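Work through the exercises below with the model open. Each task is followed by a solution in steps.

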Amino acid sequence: MFCDIINEYSLLCTSFSKILDSNENHKFEVPQRAVFTPEDVKKWEQSNAYQDIIGFLTAMNTAVKGKKLSVECAVSPVTVGLLNMLDTISHWIDDIPPVDQPQRYGNTAFRDFYAKLKENGEQVVKEALSEDFHAAVPEITVYLLESVGNSTRIDYGTGHELSFILFLTCIFKIGALKQEDSIAVVTKIFMRYLTLSRKLQMVYKMEPAGSQGVWSLDDYQFIPFIWGSSQLQMNPKIAPEMFSNEKIVNENADEYMFLACIKFILSVKTGPFAEHSNQLWNISGVQSWSKINQGLIKMYKAEVLHKFPVVQHMLFGSILSISPAKEITYHPPGTEISSMRNPSMSSATGGQGFMPPRASAVASQGRVSMTDRMPVHISQMSKMPQDLPFNDISSVMPPVSKTPQGLSTVDKVSSNMLTTSKTSLPCAEERHPAMSPLNSLPPDIFPKATKHTQ
């Protein structure tokens, strides 16, 4: 199954890179906003860029399934170049120390760091890539710049993290990173970026972008919990209920991204785990890492990729295009979207051309189910039928009661204190994607989750 996914992802990336072989025939452009109103979210959901991002997240999620961070993997020159790029940026933090100031958070020295990255960003990206890809550098560097935080508010959140995902997706799409780099992209490149972002947060005392702990998993990150839970699938020694155990975390944080995130949380927060990280504590009651992984992907789609306050600030160019996709075939694990078009299976469906994802595994006679497979072609990665009704995510994940923040103990929460949280659609122009408030986690995302005492 893994080989099928990676081989198809290779064909997908190779096809798009062929389009870019002759740069004079491809016009790169500086990414621009394209989602200006809540109604424009539908345009984003039906775009090539949306499918490309989902495809990238899924492919990397599958690539590291059951693998430790120390697993042996191919390390290409591009991988080495990107690691050196991140190290260079990290050294700039050392060169620009925080300044003495009265306010506790948001050290203004970050603005000097940001200005240096803005000035030298294209150069460090060019040094990471071969000359064949330099024409794309002005377009993809924008995503790198957005991935370190906001220089005005001096904050960082999941929207900035998403920008680094867009950066990596672009490098895959132009063909600089290839299928054999998939494991290293997660275990080396993304981990190095995570280390960089943590360093920025701690040195410059960056505010979490948003309020109330942002997404209730971590004040700043989300993606490492997704890919980290994939690493822990089929692990015979570390069960979900064990990840809040400090001894288990300290012994395994160097090998598993999920536990590395828990270790960071334990280092910066005090008190019972169930109080300062209640959402994670609830997730620890889920029966398996597989269900946690699927639930986190559903949660990420619902609370990040489908929210207007998030996507209104996303940038689109010639690589990640807002242009409508013609059809859609593949989705991440755990997605409950029915009746997707799969032209190659029209004969199996009696010529109807539509089939629920799980039913496709039967019709394809043993092939990997649609929820676990990647598109076969990068230019078709995000194709979606123009007449396809995209389900309203609110009907799948309705708002539920939310525990008020700031209580001294979990036991003090009473039923009459619970309120329903809804994301407000109007959003100030300067608001960053990561500033969207979190709708409460619906109970159907993590099936059969049960709370337990520590």
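**Exercises on helix packing, burial and backbone**

The model is a predicted one.

**Exercise 1.** State which residue class M234 falls into, buried or exposed, and describe its backbone.

Solution. Start with the position: M234 sits in the loop that connects α9 (223–231) to α10 (246–252). Next, take the relative accessible area, which is 66% for M234. Exposed requires over 50%, so M234 is exposed. Last, look at the backbone: the phi of M234 is positive, about 65°, although M234 is not a glycine.

K205 belongs to the loop between α8 (182–203) and β3 (207–208). Its relative accessibility is 39%, so K205 counts as partly exposed. The phi of K205 is near 50°, again a positive value in a residue other than glycine.

**Exercise 2.** Determine whether N235 is buried or exposed, and find the polar contact of its side chain.

Solution. N235 is found in the loop between α9 and α10. Its relative accessible area is 18%. The limit for buried is under 20%, so N235 is buried. The side chain of N235 makes a polar contact of 2.9 Å with the side chain of Y256.

**Exercise 3.** Find what K68 touches beyond its sequence neighbours.

Solution. K68 lies in the loop between α3 (48–63) and α4. With a relative accessibility of 41%, K68 counts as partly exposed. Setting aside residues within four places in sequence, the contacts of K68 are T187, Q231, E255 and Y256.

**Exercise 4.** Place V78 in the fold and say which residues surround it.

Solution. V78 is in helix α4 (residues 77–95). At a relative accessible area of 12%, V78 is buried. Not counting residues up to four places away in sequence, V78 touches A128, L129, A176 and L177. L177 is 99 residues from V78 in sequence, yet the C-alpha to C-alpha distance is 6.7 Å.

**Exercise 5.** Describe how α11 packs against α8 and against α9.

Solution. Two packed helices are described by the angle between their axes and the distance between the axes.

Take α8 with helix α11 (residues 257–268): the angle is about 10° and the axes are 12 Å apart. That makes α8 roughly parallel to α11. On the α8 side the contact uses V186, F190, M191, L194, R198, Q201 and M202, and on the α11 side M257, C261, F264 and V268. By class, this contact has nine nonpolar, one polar and one charged residues.

Now take α9 with α11: their axes come within 6 Å and cross at roughly 130°. The two helices are therefore oblique to each other. From α9, the residues P224, F225, W227, G228, S229 and Q231 meet M257, F258, C261, I262 and I265 of α11. By class, the contact of α9 with α11 has eight nonpolar, three polar and no charged residues.

**Exercise 6.** How many residues does the largest nonpolar core have, and which have the most contacts inside it?

Solution. The core has 107 residues. Those with the most contacts inside it are W44, M85, F113, F167, W227, F258 and L296. For one of these, F167, the contacts outside four places in sequence are L82, M85, V125, I140, Y143 and L144.

Key
Residues numbered from 1 in each chain as written. Predicted model: local features only at pLDDT ≥ 70, side-chain atom pairs only at ≥ 80, totals over all residues. Heavy atoms only, no water. Helix = DSSP H or I, 4+ residues; strand = E, 2+ residues; numbered from the N terminus. Buried < 20%, exposed > 50% of the residue type's maximum accessible area, 1.4 Å probe, protein only. Contact = heavy atoms within 4.5 Å. Polar contact = N/O pair within 3.5 Å; in protein donor to acceptor, adjacent residues only side chain to side chain. Axes fitted to C-alpha atoms, helices over the stretch in contact; angles between N-to-C directions. Parallel < 35°, antiparallel > 145°, perpendicular 65-115°, else oblique. Nonpolar A, V, L, I, M, F, W, Y, C, P; charged D, E, K, R; others polar. Core = buried A, V, L, I, M, F, W, Y, C linked by side-chain atoms within 4.5 Å.
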